[in-house]
Amino acid sequence: MLSLFKKFRDGLTKTASVLADRTKSLFAGRALDASSLAALEEALYTADFGVATTEEILAEVKRAHEKDKELRGQEAAGIGAAVLRRVLAGSEGRLDGAPTPPSAQHGVGAASPSSARPTVVCLVGVNGSGKTTTAAKLAWHLKQDGRSVLLAACDTFRAAAVEQISIWAQRLDLELVASHPGADAAAVAFDAWQAAKSRGREFLIIDTAGRLHTKGNLMAEL
């Protein structure tokens with residue numbers, strides 16, 4: 001998992017560096033004006049804050065600026081930080097399924113496999129973004145945490161994709177549901193869900209072929 005977290009850390013470091021470089025003069029001691037507000041907007045978009053978050057930060061800063069025309073850059077920075085804390089609140093949750101009751105851990109009153117509903121994690125993204133490797137890492141992490149996991153090889157399009165995740169499953173001693181190249185990905189996912197449910201597995205992790213999350217018709221296939 002370390003390489004995955006390193007990517008996240010490196011990406012966040014790059015974003016912070018870009019934003020700091022572009023706002024260094026804005027967040028000095030001088031009061032904000034129209035040009036500095038425009039520069040702030042450009043800096044937020046350049047740092048990949050996203051449209052919704054950028055607009056929310058700008059709206060808060062502009063409201064404060066309308067009330068106080070002498071609003072300083074440092075005060076605007078504090079407003080932006082408060083918005084980010086509000087946006088990110090709650091996003092630090094763990095990847096947990098339903099906890100196993102203490103009685104069930106000892107075989108008393110355990111739910112039957114057919115009634116258990118696994119937590120489904122479906123990995124989507126463009127080609128080469130690391131979905132298959134991430135699926136294996138997530139499965140291994142959950143297994144090390146004492147959770148039961150089943151993998152689904154639903155990338156039936158890319159050459160050797162099924163073989164790749166099969167190798168990961170063998171190396172990590174993980175259960176895998178797969179089919180032949182060119183098989184219907186939705187059918188494989190459904191078979192995997194039924195297998196996870198009947199075997200009482202807590203998590204089903206689905207690896208998929210490269211696709212954009214904005215492509216509604218492709219997402220609907222899953």
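**Ala160 and the rest of the chain**

Q: What's the relative accessible area of Ala160?
A: Ala160 has 47%, so it counts as partly exposed. Buried means under 20% relative accessible area, exposed over 50%, and partly exposed lies in between (1.4 Å probe, protein chains only).

Q: What kind of model is this?
A: This is a predicted model, where local features need pLDDT of at least 70, side-chain atom pairs count only at pLDDT 80 or more, and totals for chains, interfaces and linings use all residues. Residues are numbered from 1 along each chain as its sequence is written, and side-chain values use heavy atoms, with hydrogens and water left out.

Q: Back to Ala160. Where does it sit, and what is its phi?
A: Ala160 is in the loop between strand 2 and helix 7. Its phi is near 65 degrees, a positive value in a residue other than glycine. Helices (H or I, at least four residues) and strands (E, at least two) are DSSP runs, numbered from the N terminus.

Q: And Asp173, where is that?
A: Asp173 is in the loop between helix 7 and strand 3 (175-177). Asp173 also has a positive phi, of about 55 degrees, although it is not a glycine.

Q: Asp173: buried or exposed?
A: Asp173 has 61% relative accessibility, so it counts as exposed.

Q: OK, overall layout. How many helices and strands?
A: The chain has nine helices and four strands. Along the sequence they follow the pattern α-α-α-α-α-β-α-β-α-β-α-β-α.

Q: What share of the chain is buried?
A: Buried residues make up 32% of the 222 residues.

Q: Which residues touch the most others in the largest nonpolar core?
A: That core has 16 residues, and Leu123, Ala139, Val149, Leu151, Leu174 and Ile205 touch the most other members. Strand 1 (119-123), helix 6 (131-144), strand 2 (149-154), helix 7 (161-172) and strand 4 (203-208) each supply at least two of its residues. Helix 6 gives the most, with five residues. A nonpolar core here is a set of buried Ala, Val, Leu, Ile, Met, Phe, Trp, Tyr and Cys residues joined through side-chain atoms within 4.5 Å.

Q: What is Ala139 in contact with?
A: Leaving aside neighbours within four places in sequence, Ala139 is in contact (heavy atoms within 4.5 Å) with Val149, Leu151, Leu174 and Ile205. Apart from this core lies another, of 13 residues, among them Leu150, Ala183, Ala185 and Ile206.

Q: Where is Arg147, and what does its side chain make a polar contact with?
A: Arg147 is in the loop between helix 6 and strand 2. Its side chain makes a polar contact with the side chain of Glu202, at 3.0 Å. A polar contact is a pair of N or O atoms within 3.5 Å; within protein, one must be able to donate a hydrogen and the other to accept it, and residues adjacent in sequence count only if both atoms are side-chain atoms.

Q: Arg147: buried or exposed?
A: Arg147 has a relative accessible area of 14%, so it is buried.

Q: New topic. What lies over the face of Trp168?
A: Arg171 does, at 5.9 Å from the ring centre. The cut-offs are NZ of Lys or CZ of Arg within 6 Å of the ring centre and within 35 degrees of the ring normal.

Q: Last one: where is Gly182?
A: Gly182 is in the loop between strand 3 and helix 8 (185-198), and it is exposed at 59% relative accessible area. Gly182 and Thr156 are 26 residues apart in sequence and 5.1 Å apart in space, C-alpha to C-alpha.
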